Amino acid sequence: VGVRGRWVAGVAAGMALVLATPVTASASVAPVPDSTAQVAGGVYALAQVGDRTIVGGTFTRVGGKARGDIAAVRADGTVDPLFVPATNGKVDALAVSEDGSTVFIGGRFTTVNDVPRANLAAVDAVTGALVESWQADTTGTNPDVKALTVVGTRLYVGGRFGGIDGTTRKRFAALDAAAGTVVSSFRPRP
């Protein structure tokens, strides 16, 4: 038996020893029930803003409070009563500006807070009020936004779209996070 054969036999013996050693497992139930807000529907996106978790999806209520596909849950598990944006469709993606003042919403919707927005919008991180000066609508056949991330001053947007903010961009684009305008130097070829 050569070196390789002894090595294989040694590894096999070591694995047998590890796998044969009994492991004790335990579990316990917390005496205090979890008080996290219950969601009446599906959750597809999460983002953290300070001690609040922004939740996006397809739901009508969170923690017993009416909410239109987006809500904020505080660290104690209760719904933030000040954050009340609403979309008329599914929220698939969320991102937060570097300074934490703005929440970007992506998905498949045509309005945010009853104002026309095509699948992408920006809202105030405290109140959920639409940032009306920020608009970067997507276009195409059945367009939607599936992914968002902020890096520095850029908001990267991914999804099924043929254009964004009046500029041809297929599936992937970079926007100036403050203005919502397309970063013309970013031209990937997905």
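Figure 1. Once neighbours within four places in sequence are set aside, Val 112 is in contact with Ala 86, Thr 87, Arg 117, Ala 121, Val 123 and Leu 130, where contact means heavy atoms within 4.5 Å. This view, like those that follow, is taken from a predicted model, in which local features need pLDDT of at least 70, side-chain atom pairs count only at pLDDT 80 or more, and totals for chains, interfaces and linings use all residues. Residues are numbered from 1 along each chain as its sequence is written, and side-chain values use heavy atoms, with hydrogens and water left out. Val 112 belongs to strand β7, residues 111–112; strands (E, at least two residues) and helices (H or I, at least four) are DSSP runs numbered from the N terminus. With a relative accessibility of 0%, Val 112 counts as buried, a class that covers values under 20%, whereas exposed means over 50% and partly exposed lies in between, with a 1.4 Å probe and protein chains only. Gly 89 lies 23 residues away from Val 112 along the chain, and the C-alpha atoms of the two are separated by 9.1 Å.

**Figure 2. The whole chain, for orientation.** The secondary structure of the chain amounts to 1 helix and 15 strands, and 40% of its 190 residues count as buried. Of the contacts between residues at least 6 apart in sequence, 34% join residues that are at least 24 apart. The chain exposes about 10500 Å², of which carbon and sulfur atoms supply 58%; such areas come from the Shrake-Rupley method with a 1.4 Å probe, and for residues only the protein chains shown count as cover.

**Figure 3. Asp 80 and its contact with Arg 52.** Asp 80 is found in the loop that runs between β4 (70–74) and β5 (90–96), and it is buried, because its relative accessible area is 6%. Its side chain makes a polar contact with the side chain of Arg 52 at 3.0 Å; a polar contact is a pair of N or O atoms within 3.5 Å, of which, within protein, one must be able to donate a hydrogen and the other to accept it, and residues adjacent in sequence count only if both atoms are side-chain atoms. Leaving aside neighbours within four places in sequence, Asp 80 is in contact with Arg 52, Arg 67, Ala 72 and Arg 74.

**Figure 4. Arg 74 in strand β4.** Arg 74 lies in strand β4 and, at 34% relative accessibility, counts as partly exposed. Beyond its neighbours within four places in sequence, Arg 74 is in contact with Asp 51, Arg 52, Val 79, Asp 80 and Pro 81. Thr 53 is 21 residues from Arg 74 along the chain, and their C-alpha atoms are separated by 6.5 Å.

**Figure 5. Two asparagines with positive phi.** Most residues other than glycine have a negative phi. Asn 119, although not a glycine, has a positive phi of about 75°; this residue lies in the loop between β8 (115–116) and β9 (120–124) and counts as buried at 5% relative accessibility. Asn 142, which is not a glycine either, has a positive phi of about 50° and lies in the loop between β10 (138–139) and β11 (144–151).

Figure 6. Phe 172 is found in strand β15 and is partly exposed, with a relative accessible area of 31%. Phe 172 and Arg 189 stand 17 residues apart in sequence, with 8.3 Å from C-alpha to C-alpha. Arg 187 lies in the segment after β15 (172–176) and, at 47% relative accessibility, counts as partly exposed. The C-alpha atoms of Arg 187 and Arg 169, which are 18 residues apart along the chain, are separated by 7.8 Å.
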